[in-house]
Amino acid sequence: MPLPDLDDLIAEVDRTCDTAHRAATSQEQPDWLALLTTAAGVAGQLQALADDLVEDYVEHCRMHGHSWTDVGSALGVTRQAVQQRFQAPHKRYGPETMTDDLRLAMTHVKRAAVQHRNNYIGTEHLLWGLTAGTNSATRLLRSLEVSPDDIHRAVGARLSVGASQAAERIAWTPYSRRAIAIAEERACAEDGEGAEPLIDCHHLLHGLARTGRGVAATVLAEAGLDLSTL
């Protein structure tokens with residue numbers, strides 16, 4: 001995959017900064033401050049994507065037994081520096097942020113990870129837990145003529161057995177955290193202003209599909225689930 005060069009990025013800034021081009025029709029120079037603002041936004045998106053890329057591989061290294069010293073050496077920094085960057089606590093989603101149905105689904109999620117000796121919770125565990133019983137996610141799937149049982153079997157076949165015996169150290173992968181963050185946004189959008197909204201199973205299903213990466217997104221796509229319809 002060819003990476004964009006500077007000319008590509010400048011062209012993208014010029015293309016998306018309508019304000020600067022409208023100004024240029026009546027002035028000799030475009031609105032350079034508007035272009036700068038757009039360029040900063042593009043740079044921020046690229047940086048966030050780059051951070052996600054590195055973080056994903058850091059977590060895979062940790063999952064497969066590499067020490068923080070090993071990871072720091074690979075990145076050219078000290079163990080302390082890499083721990084400070086990548087071991088910072090992420091936002092926690094406790095039971096109080098979830099509906100009763102989602103809390104029940106999460107027990108299936110954790111059980112799947114423990115039984116398969118995985119020291120992480122991936123999108124496959126989340127989708128397996130969501131389709132383990134009847135809830136708003138499975139009702140939504142049925143309304144779209146997608147069988148929750150078929151989804152459950154398909155994702156179960158992709159759960160791999162690991163070697164972890166430290167269930168208390170199970171960590172969410174970047175794609176799983178992104179899915180729950182999208183689910184929270186979806187819950188807020190549905191409930192509007194007011195009390196803190198509760199994340200439900202169909203919100204997490206939406207997050208898994210919208211993430212677009214990971215085992216869950218692949219299984220949902222193979223089942224014919226259309227994101228725009230969802």
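Q: Where does Asn135 lie?
A: Asn135 sits in the loop between helix 7 (123-130) and helix 8 (136-143). Helices here are DSSP runs of H or I with at least four residues, strands are runs of E with at least two, and both are numbered from the N terminus. This is a predicted model, in which local features need pLDDT of at least 70 and side-chain atom pairs count only at pLDDT 80 or more, while totals for chains, interfaces and linings use all residues. Residues are numbered from 1 along each chain as its sequence is written, and side-chain values use heavy atoms, with hydrogens and water left out.

Q: Why is Asn135 called buried?
A: Its relative accessibility is 3%. Buried means under 20% relative accessible area, exposed means over 50%, and partly exposed is in between (1.4 Å probe, protein chains only). With 3%, Asn135 therefore counts as buried.

Q: Which residues does Asn135 contact beyond its neighbours within four places in sequence?
A: They are Asp101, Leu130 and Cys201. Contact means heavy atoms within 4.5 Å.

Q: How do you know whether Gly129 is buried or exposed?
A: Gly129, a residue of helix 7, has a relative accessible area of 1%, so it is buried. Leaving out residues up to four places away in sequence, Gly129 touches Ala105, His108 and Val109. Lys110 is 19 residues from Gly129 in sequence, and their C-alpha atoms are 8.2 Å apart.

Q: What makes Leu159 a buried residue?
A: The relative accessible area of Leu159 is 10%, and therefore Leu159 is buried. You can find Leu159 in the loop between helix 9 (148-156) and strand 2 (171-172). Not counting residues up to four places away in sequence, Leu159 touches Ala112, His116, Glu124, His125 and Trp128. Asn118 is 41 residues away from Leu159 in sequence and 9.2 Å away in space, C-alpha to C-alpha.

Q: How do you know that the buried residues of helix 4 share a side?
A: The buried residues of helix 4 (residues 68-75) are Trp68, Val71 and Gly72. They cover an arc of only 100° around the axis, so they are on the same side of helix 4. That arc is taken from the directions from the helix axis to the C-beta atoms. The face turned away from the buried side carries the exposed residues Ser73 and Ala74. Gly76, with a positive phi near 75°, follows helix 4.

Q: What makes the phi of Arg117 and of Glu145 worth a look?
A: Most residues other than glycine have a negative phi. Arg117 has a positive phi, near 55°, and Glu145 has a positive one too, near 60°. Arg117 lies in the loop between helix 6 (100-115) and strand 1 (120-121), whereas Glu145 lies in the loop between helix 8 and helix 9.

Q: Why do Arg117 and Glu145 get separate labels for accessibility?
A: Arg117 is at 34%, so it counts as partly exposed. Glu145 has 77%, and therefore it is exposed.

Q: Why is Asp226 called partly exposed?
A: Asp226 has 38% relative accessibility, so it counts as partly exposed. Asp226 is found in the segment after helix 12 (215-222). Ala209 is 17 residues from Asp226 in sequence and 8.8 Å away in space, C-alpha to C-alpha.

Q: How many helices and strands does the whole protein have?
A: There are 12 helices and two strands. Along the sequence, the pattern is α-α-α-α-α-α-β-α-α-α-β-α-α-α.

Q: What percentage of the residues is buried?
A: Of the 230 residues in the protein, 37% are buried. Among contacts with a separation of 6 or more, 66% come from residues 24 or more positions apart.
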